[in-house]
Amino acid sequence: MASESENKELRIFFLPYFIAGHMIPMVDIARLFATHGGADVTIITTAANAATFQNSIDRDKKAGQRIKTHLIPFPSSELGLPLGVENLNDAVSPQMSSRISKGIKMLRDPIRNLIRESRPDCLVSDMFYPWSADVAVEIGIPRLIFHGSGYFQFCAALAEKTESGENDVVSTRGLPHTIKLLRSQVADFSGFGSSFIEALQDSNKKSYGAIMNSFTDFESDYEHHFRNVIGSKSWSLGPISYWINKDFSDKTERGRTTTTQLRANNNSIVNWLDSKEENSVIYVSFGSLTRFPTIQIMEIAHGLESSGQKFIWVMKKKETEEEALLLFLESFEERMKRKEMGLVVREWAPQLLILEHPAIGATVTHCGWNSVLEAVTAGLPMVTWPLFAEQFYNEKFLNEVVGIGVSVGVTRWSFDWWRVSEGTEAVVVGREKVEKAVRFVMSEMSLGMRERVKKLEMSAKMAVDNTCGGSSWSNFMALIHELKSLKTQPI
Ligand code: UDP
């Protein structure tokens, strides 16, 4: 490891985007640079966003790390947003979501000015701030991009696709594995607008390289393809969540502002799990954004109940929840509690803590990349239920390339989570499919998947272990060394 005195000179700014799936892992990365890289780290954010992770920063500071947050005021009143609503996860309607996006765009000038004045040695930026590539070029520092996703999806999204015509099947060409998807499952990001997509591509090219939350033994073919065929520089530093969140409080408080209520909920979840047998509970979660329509919620409930499996199901609250849903959930929850069968967690669960609990035997996941890595690191086979973003590619990777998941059978990609919540009957996954997939993954039928994911769990943990020269550990040390050498030989 580089000596502390050499590291003292490395000042790095982190620019996380205000959406949980990107912000949570980027804060983990920032903490990694301070804790294991000895760097002087500043996370640029807003007050309400900082509140969701400030405790862990304070703990790091107390432990001697040089890490802080720099707060930029969020234009809530100008946009007519309630105070404290500064993250896309807080939006309960599409209108609110577009106002928050607008507010994030308005932060560009103050952040740009701050970077110009402070002149850090390196900028680690979320992909959704393409403008930060130009500031980095302007002041002559490296910009490292963080995409929040894995290699496979990147390669699959860029791969040439051919249509067979038969059942509207699309196949990828030129990848280490040929992947077939229904045309309706192929991600279509044109909704972002062509100029924004061009700006993203342009900022990719201007970046020094990418930090990836992945590890070599998991995605080796695609790490290689990304570097040698697509031609992008990258450092795989994953699984970041496991590497940095060793403290019990970090695991329980990750991603949400800590309140007395949250602590009480977390304790009761852990107590409930403690009373269950090993591998007897399935964890069901669709990430930080998905708000399902009532009909889908009811189908999941019936499917879980008839599977006979114990479960923890995390469900996000919707803007309005009709009387019928509330009544249904009340009686469902009461029945599940009485039978000692299941817990419904409204809003936010301590996911890292739950996944690593011995009582958990598998997960149902929407295939968000963080959840995928967290499940792999916990050695859990998955029922895959992709919805939007790059999740259908992740599903293919898990089920067909690595063989650690089974599909529930979703056939249609949607532009974003709002359309998921407006879903029609055609995209609703019926209770029989839920029951079948849950029974499968919790039974002996999934033994092969379980063995494979257990091996990956070992590899994931070794990747970040310095005592055995782990790949992510070595990549990180090489990156720190390279960034320091750029200080004397600027780009
Ligand atoms: N998460 C959590 N509790 C929840 C929901 C999500 O801790 O109730 C965390 C989860 O551990 C993961 C992140 O939020 O780190 C979600 O990211 P992912 O890529 O899985 O999905 P997204 O929310 O971006 O769709």
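Predicted model: local features only at pLDDT ≥ 70, side-chain atom pairs only at ≥ 80, totals over all residues.

Visitor: How many residues surround the ligand, and which are the closest?
Guide: 17 residues surround the ligand, the closest being Ser288, Ala349, His366, Ser371 and Glu374. Residues are numbered from 1 along each chain as its sequence is written, and side-chain values use heavy atoms, with hydrogens and water left out.

Visitor: How do those residues divide by type?
Guide: 5 are nonpolar, 8 polar and 4 charged; Asp, Glu, Lys and Arg count as charged, and Gly is among the polar ones.

Visitor: What is 2.6 Å from an oxygen atom of the ligand?
Guide: An N or O atom in the side chain of Glu374. For Lys316, a side-chain N or O atom is 3.4 Å from a ligand oxygen. A ligand nitrogen is 2.7 Å from a polar backbone atom of Ala349. The cut-off for such N or O pairs is within 3.5 Å.

Visitor: And which element gives the largest share of the shell?
Guide: Helix 18, with 4 residues. Helices here are DSSP runs (H or I, at least four residues), numbered from the N terminus.

Visitor: Switching topic: at what angle do helix 7 and helix 8 cross?
Guide: Roughly 20 degrees, with the axes of helix 7 (residues 108-118) and helix 8 (residues 132-139) coming within 10 Å. The two helices are therefore roughly parallel to each other, the term for angles under 35 degrees.

Key:
Near = heavy atom within 4 Å. Polar contact = N/O pair within 3.5 Å; in protein donor to acceptor, adjacent residues only side chain to side chain. Axes fitted to C-alpha atoms, helices over the stretch in contact; angles between N-to-C directions. Parallel < 35°, antiparallel > 145°, perpendicular 65-115°, else oblique.
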